[in-house]
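User: I have a structure to go through before class. Can you walk me through it?

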Amino acid sequence: MGRLDHKVCLITGGARGQGEEEVRLFQEQGAIVWLCDVLDDLGQPLADELGVQYRHLDVTDEAAWQDLVEEIVRTSGGIHGLVNNAAIFRVGRLKTTSVDDFQAVMRVNTLGVFLGMKTVAEPMTESGGGAIVNISSMAGLRASVGSFAYGASKWAVTGMSKTAAVELARKGIRVNSVHPGLIETPMVEDVPINKEGIIRRTPLGRIAQAKEVARMALFLASDESSYSTGSEFVIDGGLNAPKRFNGLALDDSRLSSDVVTLIAPLDEWVQHNGWRALQIQFVFRVVPPTAPGLSFQHSNSADFGEQQKHKNRGDQGHQLQAFKDRKGSDGNACPE
Ligand SMILES: NC(=O)c1ccc[n+]([C@@H]2O[C@H](COP(=O)([O-])OP(=O)(O)OC[C@H]3O[C@@H](n4cnc5c(N)ncnc54)[C@H](O)[C@@H]3O)[C@@H](O)[C@H]2O)c1
């Protein structure tokens, strides 16, 4: 018995990458899959191989959404699942992102998701309810330095998912967002990424595979996630878990890759040995206050125990505050 038996599911951007893995897994788990994309030369052969339906759909086209969903309901008898997976990525900071790039990204990544949810809401209700899975990103939960428009679009997906979840809950429709870290797909092939730095800082010590995101999408599309809606589901190998250690705030999204490379061994050492063992003098030597991207408020304390005493007395002047100002080169733009 499959986990999606008898469910009719539509997956956007399903011709390659994570979408392809979702198509394969959903079909394997008994869903009646409709796969759509703008890459017909990849989508059609994949659909033929798996025996599923392929349709050309540009997710920014409202009329095309309506035609496709009508056809799905007419042909397959209803619609129970939608994975809004299609997206594009552009490199660019606040200052260097053009209006054209910003609008292009927002149209596919945000308008596309909005139109998908809007179009399926009623037919999904009439089908007895269902689940919408919106593929956001870690860029939809934190800063996205080096990919400004992409970050904006993915925060919009996070927000739309929550509001839609509330609006559609009583119609039997659940809506959740998925937030992958870096995943090896064609989207990131040409993006300048410090992959080794990411792997080193990821507790699980590797980059995820597209099928691992597909498994999360499967869970959220299936009845196994029956009490989850309006929530964010993170797949990042633990990368964003160790964000803050007492006085030292590690926020890699604000750091140059050089500083990240410098700080990562210290970060690992602290995780292994604990803060108590860390002499503040050691910090002074490894991360001098003059390093790019760092600012340091002077501490007279010789060790962490001393710091805690001051902290307990409410003396905030002894807090170590690193990474105030990001001045270094970027080199870390990626869709995660
Ligand atoms: N790869 C990563 O590191 C990463 C990380 C976090 C989130 N994501 C997100 O995961 C999802 C899947 O991305 P991927 O990594 O598989 O990338 P991908 O580029 O391999 O796949 C994206 C798919 O969307 C399709 N698409 C683009 N514009 C479209 C449009 N207008 N209409 C219909 N389809 C369109 C593309 O043709 C492609 O098949 C995206 O939402 C992406 O933002 C990716």
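User: OK. What kind of model is this?

Analyst: This is a predicted model.

User: How many helices and strands does the protein chain have?

Analyst: The protein chain has 10 helices and nine strands.

User: And what share of the residues is buried?

Analyst: Of the 336 residues in the protein chain, 41% are buried. As for contacts with a separation of 6 or more, 73% of them are between residues 24 or more positions apart.

User: Let's do the strands. What does β1 pair with?

Analyst: Strand β1 covers residues 8-12, and three bridges join it to β4 in a parallel arrangement. C9 stands opposite G81 in β4. β1 also pairs with β2, again in the parallel sense, over five bridges. There, I11 has L35 of β2 as its bridge partner.

User: How does the chain get from β1 to β2?

Analyst: Through helix α1: β1, α1 and β2 make a right-handed β-α-β unit. The next crossover runs from β2 through helix α2, residues 40-50, to β3, and this one is right-handed too.

User: What joins β2 to β3?

Analyst: Four bridges join them, and the two strands run parallel. C36 has R55 in β3 as its bridge partner.

User: Is β2 buried or exposed?

Analyst: β2 is residues 32-37, and six of its six residues are buried. I32, W34 and C36 point one way, while V33, L35 and D37 point the other way.

User: What about β4, which sides of it are covered?

Analyst: Both faces of β4, residues 81-84, are covered. G81 and V83 lie on one side, L82 and N84 on the other, and all of these are buried.

User: Which strand is joined to β4 by four bridges?

Analyst: That is β5, residues 130-135, which runs parallel to β4. L82 has I132 in β5 as its bridge partner. The helix in this part is α4, residues 99-126, and β4, α4 and β5 make a right-handed β-α-β unit.

User: Change of topic. Which residues touch the most other members in the largest nonpolar core?

Analyst: That core has 67 residues, and C9, F26, V33, L35, V133, A217 and A221 touch the most other members. Helix α5, residues 148-168, gives the most to this core, with eight residues.

User: Take V133, then. What does it touch?

Analyst: Leaving out residues up to four places away in sequence, V133 touches V83, N176, V178, A217, L220 and A221. A217 and A221 are also among the core residues that touch the most other members.

User: Now the ligand. How many residues surround it?

Analyst: There are 30 residues around the ligand, and the closest are G13, G17, A87, T185 and M187.

User: Which element gives the largest share of that shell?

Analyst: Helix α1, residues 17-28, gives the largest share, with three residues.

User: And how does the shell split by class?

Analyst: The shell around the ligand has 17 nonpolar, nine polar and four charged residues.

User: A few single residues before I go. Where is M106?

Analyst: M106 is in helix α4. Apart from residues up to four places away in sequence, M106 touches L111, A149, A152 and S153. M106 and Y150 are 44 residues apart along the chain, yet their C-alpha atoms are separated by 7.6 Å.

User: Why does M106 count as partly exposed?

Analyst: Because M106 has 17 C-beta neighbours inside 10 Å, and a buried residue needs 20 or more while an exposed one has 12 or fewer.

User: And A169?

Analyst: A169 is in the loop between α5 and β6. With 14 C-beta neighbours inside 10 Å, A169 also counts as partly exposed. A169 and G129 are 40 residues apart in sequence, and 9.2 Å apart in space from C-alpha to C-alpha.

User: Last one, H6. Where does it lie, and why is it exposed?

Analyst: H6 lies in the segment before β1. H6 is exposed because it has 12 other C-beta atoms within 10 Å. Phi of H6 is near 70 degrees, which is a positive value in a residue other than glycine.

Conventions:
Residues numbered from 1 in each chain as written. Predicted model: local features only at pLDDT ≥ 70, side-chain atom pairs only at ≥ 80, totals over all residues. Near = placed C-beta within 6 Å. Nonpolar A, V, L, I, M, F, W, Y, C, P; charged D, E, K, R; others polar. Core = buried A, V, L, I, M, F, W, Y, C linked by C-beta atoms within 7 Å. Contact = placed C-beta atoms within 7 Å. Pairing = 2+ DSSP bridges. Right-handed = clockwise from strand over helix to strand, strands pointing away.
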